[in-house]
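Hello,

Here is the structure we discussed handing over. My notes follow below it.

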Amino acid sequence: MKQEVSAEIITIGDELLYGQVVDTNSAWMGEELGKIGIKVKQITSISDSPEAIEEALDTAKTRAQVILMTGGLGPTKDDLTKHTLTKYFKTHLELHQPSLDNVVAIFKKYNRPLTVTNQQQAYLPASCTPILNTLGTAPGMLFEEEGHIIVSMPGVPFEMKGMMTNHILPHLQAHFQLPEINHKVIQTIGLGESFLADTISDWEDSLPTNLKLAYLPNLSGVRLRLTGVYNGIDDLEDQMMREVGKLSDLIPDYIYGYGEISLEETVGMLLNGRNYTISTAESCTGGLIGHKLTSVPGSSMYYKGGIIAYDNYVKINELGVEQDILDKYGAVSGEVVRQMAEGVRRKMGTDVGIATSGIAGPGGGTPDKPVGTIWIAYADATQTIAKKLNYNKTRLLNIEYTALQAMNLIRQSLPGPVEE
């Protein structure tokens, strides 16, 4: 019999509450738990105090079978989680030799003296199942009590992820009879969340009852996550792919990828598939497009270089922008950005050139060209396309949105079929 299992995540640390550290652990854990059919009902951040830990545990046990805790397992005096759990489960600390061996090996590897404080990390509550930390010195702890599974892990993200992947998730799958669940992610750009929802409303309303759609907006667009639970009637994978196919037919121009793929990865695949090269001429974005393109492994196959033409002198002398055009239309104009894209393509000898020029703010605007007025351009051997953007955001957001729209312009404008 399949079970509905819920989880709660508790993150421990004053640094989280003070805003000194951003909690990325909870988002990752929630996503991984969802993949195996466990739904997170609550995420709670608490201080490094025994009272807060005990109260959070008592409350979490009333609404979740699985409780995952991160943080407070370091060697310093402010890390109280292990001692609090020892008291909470009415047990005592005892040496876990494999964990001690692990700590000794780590300090030996880095040729550092092993302190008594670090050795104490190998002492764990006697009633727990120790979880060896191969990436750090603090072991994890798993407790089973009255139908609950309670896990304590380090707050260091890569240590936590190692434990979750290698130990916790397999243990939960073996312990519970979890429902078959599947996710399909569709990446879109070019339509805001409300406009997208209106456009696909009829399709969403006609989804089978075992399929649910979530809208996950971010800077690069809206991620659509289709979640399916096996209903014993249809093959879940086939059922979901049919619905994804219907959606793809409905909004083909706005979908740039499937699964956890970024816009820059999609652009790279499109360039590689056509055996095209690209170069960038950036003014207001200051090199951000080049950074995004080169963040993709293998980008040296298609990205050849860029010019940050922040000053008009560079636009004229490096990109061949005409002085008369600058004088007549100004640096922030379709005429100038077109010449920038054509100029960088010519100078770098690439198939494609992309260019940006704008007023990112907070100053520099005029009545005719207020802050947020931005032009982007795409050029290849057969066409040059310029597009005006109008934003009313902060400087960094204006820059970020411009870079994303420039990459989307590449995606939309590349001609010809993909080479096999």
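Disulfides first: the count is zero, taking a disulfide as a pair of cysteine sulfur atoms within 2.5 Å. C128 counts as buried at 9% relative accessibility, and C284 counts as buried at 6%. Buried means under 20% relative accessible area, exposed over 50%, partly exposed in between (1.4 Å probe, protein chains only).

Ground rules: this is a predicted model, where local features need pLDDT of at least 70, side-chain atom pairs count only at pLDDT 80 or more, and totals for chains, interfaces and linings use all residues. Residues are numbered from 1 along each chain as its sequence is written, and side-chain values use heavy atoms, with hydrogens and water left out.

Overall picture: the protein chain has 420 residues, and 50% of them count as buried. The C-alpha trace spans about 80 × 60 × 45 Å along its principal axes.

Salt bridges: the structure holds nine. The criterion is a side-chain nitrogen of Lys or Arg within 4 Å of a carboxyl oxygen of Asp or Glu. Among them are these two.

- R63 pairs with E8, with the closest N and O atoms 2.7 Å apart. R63 lies in the loop between α3 (50–60) and β3 (66–70) and E8 in strand β1 (residues 5–12), so the pair ties together parts 55 residues apart in sequence. Helices (H or I, at least four residues) and strands (E, at least two) are DSSP runs, numbered from the N terminus. E8 is buried at 1%; R63 is partly exposed at 29%.
- K184 pairs with E237, the closest N and O atoms also being 2.7 Å apart. K184 sits in strand β9 and E237 in helix α10, 53 residues apart.

Best regards
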